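Please keep the sequence and the model in view while reading.

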Amino acid sequence: MPAPTKGARLGGSAAHQRLILSNLATQLFEHGRIVTTEAKAKRLRPLAEKLITKAKRGDIHARRLVLTTVRDKGVVHTLFTEIAPGLADREGGYTRITKVGPRKGDNAPMAVIELVTESVEESRKANAKGVAPAKKAPAKKAVAKSAPAASTAAAAAPAASTAAAAAPAASTAAAAAPSAEAAPAAAAAPTAESQPAEGSPAEKLVEETSEVDDATAEQEQPSDDSSDEEAATVSEPDATEETEEKA
């Protein structure tokens, strides 16, 4: 039996491990990505990259070497005609492993191993975008320094708003001032209206004649003093008659 590799062994023997890795490589080249345990993915990665390197050579000897591991001729044809030409500009790193969490049931750590399909330039741009936030750290500090100025501006904003609120109040007071000045004139207006207007000459003549009639009527009426004197003169003859009868 061949000497086992370092680390945990897949299956019960080295031959079993070779069969497991062969089947995993076949599925990876057929589907482009597979989900398996982290241990199997880490063991499959170097084997898959060696097979891709042989497929990039493209000769008959390389094809026969790959067929000793991948027994499916259709998958080997796909590897040599589609996968290898797409990775021709890469010097290595043909696969990617992504952890996806534990498996439900036995809680085994799972991972996704897939072929890298993007070009080298696209990968470099993606890596540059990932590094860009670290370079922009000083800019964030500058923003933090400018925060006090922004806070002072925010503090000045309420003062400006209060001044703006006071402006309408002043305008309303200015509007009320003319009304206050107009109030005395309005108060004086009713008194002027309450005074009777001068009548026409005919009305004045009628009033004068009525006054003259009233005055003559008062003159004709006997006063209280004259009525007392008449009563006294009437009573005096009566008194003289009574004295004569007694005599």
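This is a predicted model: local features need pLDDT of at least 70, side-chain atom pairs count only at pLDDT 80 or more; totals for chains, interfaces and linings use all residues.

Which residue in strand 3 is the bridge partner of Arg96? The bridge partner is Glu114. Residues are numbered from 1 along each chain as its sequence is written, and side-chain values use heavy atoms, with hydrogens and water left out.

The chain has eight helices and three strands. Helices (H or I, at least four residues) and strands (E, at least two) are DSSP runs, numbered from the N terminus. Along the sequence, these elements follow the pattern α-β-α-α-α-β-β-α-α-α-α. Of the 247 residues in the chain, 18% are buried; buried means under 20% relative accessible area, exposed over 50%, and partly exposed in between, with a 1.4 Å probe and protein chains only. Among contacts (heavy atoms within 4.5 Å) with a separation of 6 or more, 52% join residues 24 or more positions apart.

The three strands form an open sheet in the order 1-3-2, with antiparallel pairing; two strands pair if DSSP finds at least two bridges between them. Strand 1 (33-37) and strand 2 (95-102) are the edge strands, each pairing on one side only. From one strand to the next, the twist averages 25°. Strand 2 and strand 3 (residues 109-115) are joined in the antiparallel sense by seven bridges. The pair of Arg96 and Glu114 belongs to this region, and Ile97 likewise has Ile113 in strand 3 as its bridge partner.

Strand 2 and strand 3 also form a hairpin with six residues between them, and Gly105 in the turn has a positive phi of about 120°. Most residues other than glycine have a negative phi. Asn107, in the loop between strand 2 and strand 3, has a positive phi of about 60° although it is not a glycine. With a relative accessible area of 55%, Asn107 is exposed.

The next topic is the packing of the helices. Two packed helices are described by the angle between their axes and the distance between the axes. Helix 2 (residues 38-57) and helix 4 (residues 73-86) pack at an angle of about 95°, and their axes are 9 Å apart. Axes are lines fitted to C-alpha atoms, for helices over the stretch in contact, and angles run from 0 to 180 degrees between N-to-C directions. Helix 2 and helix 4 are therefore roughly perpendicular to each other, given that angles under 35 degrees count as roughly parallel, over 145 as roughly antiparallel, 65 to 115 as roughly perpendicular and the rest as oblique. In this contact, Leu51, Ile52, Lys54, Ala55 and Lys56 of helix 2 meet Leu79, Phe80 and Ala84 of helix 4. These residues divide into six nonpolar, no polar and two charged. Here Ala, Val, Leu, Ile, Met, Phe, Trp, Tyr, Cys and Pro count as nonpolar, Asp, Glu, Lys and Arg as charged, and the others, Gly among them, as polar.

Which residues have the most contacts inside the largest nonpolar core? They are Phe29, Leu44 and Leu79, in a core of 27 residues. Helix 1 (14-31), helix 2, helix 3 (60-67), helix 4 and strand 3 each supply at least two residues of this core. A nonpolar core is a set of buried Ala, Val, Leu, Ile, Met, Phe, Trp, Tyr and Cys residues joined through side-chain atoms within 4.5 Å. Leaving aside neighbours within four places in sequence, the contacts of Leu79 are Phe29, Leu51, Ile52, Ala55, Val66, Ala84 and Pro85.

Several individual residues complete the account. Thr26, in helix 1, counts as buried at 11% relative accessibility. Not counting residues up to four places away in sequence, Thr26 touches Val70, Asp72 and Val75. Asp59, in the loop between helix 2 and helix 3, is partly exposed, with a relative accessible area of 30%. Asp59 and Phe80 are 21 residues apart in sequence and 9.5 Å apart in space, C-alpha to C-alpha. Arg9, in the segment before helix 1, counts as partly exposed at 31% relative accessibility. The C-alpha atoms of Arg9 and Lys40 are separated by 9.5 Å, with the two residues 31 apart along the chain.
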